[in-house]
Amino acid sequence: MKKAIGTLGLAMRAHKIATGETIFKKLRSNQVSLLIMADDMGENGKKKLTDKCAYYHVPYVFMNGEELNFPIHMAIGDKNRKSVAILDEGFAQKLHACLKG
């Protein structure tokens with residue numbers, strides 16, 4: 001988990017993440033390499049994001065909401081985020097490897 005937090009922090013400092021409504025704009029323009037979502041987010045938001053990811057062939061990962069909020073707050077300094085889009089392929093691969101295995 002420490003590697004994931006560090007990688008998120010680096011991605012934030014490199015301006016390679018998107019949060020909030022910006023995620024939808026980035027998905028439409030095919031700029032998202034990985035989407036990280038909290039498993040405790042609302043059903044409507046979760047369905048909307050997973051459908052967009054399926055349509056645009058973007059991989060996504062679910063994390064425990066408590067685990068997601070604390071590291072994101074620590075890494076990017078933004079509270080109460082339920083989803084984060086990684087815009088760089090290198091950061092996305094590193095995060096996917098950290099979170100999946």
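Accessible areas here come from the Shrake-Rupley method with a 1.4 Å probe. On that basis the chain exposes about 6,000 Å², and carbon and sulfur atoms supply 50% of this area. The model is a predicted one.

**Overall make-up**
- Five helices and four strands are found in the chain.
- Read from the N terminus, the elements follow the order α-β-α-β-α-β-α-β-α.
- Of the 101 residues in the chain, 40% are buried.
- Taking contacts between residues at least 6 apart in sequence, 79% join residues at least 24 apart.

**Strands E2 and E3**
- Strand E2 covers residues 34–38 and pairs with E3 in the parallel sense, over four bridges.
- Leu35 has Tyr60 as its bridge partner in E3.
- Between E2 and E3 the chain passes through helix H3, residues 43–56, and this β-α-β crossover is right-handed.
- Strand E3 spans residues 60–63, and its side chains alternate.

**Cysteines**
- Zero disulfides turn up in a search of the whole structure.
- Cys53 has a relative accessible area of 1% and is therefore buried, the cut-off being under 20%.
- Cys98, at a relative accessible area of 25%, is partly exposed, because that class lies between the buried limit of 20% and the exposed limit of 50%.

Conventions: Residues numbered from 1 in each chain as written. Predicted model: local features only at pLDDT ≥ 70, side-chain atom pairs only at ≥ 80, totals over all residues. Heavy atoms only, no water. Buried < 20%, exposed > 50% of the residue type's maximum accessible area, 1.4 Å probe, protein only. Helix = DSSP H or I, 4+ residues; strand = E, 2+ residues; numbered from the N terminus. Pairing = 2+ DSSP bridges. Right-handed = clockwise from strand over helix to strand, strands pointing away. Disulfide = S-S within 2.5 Å. Contact = heavy atoms within 4.5 Å.
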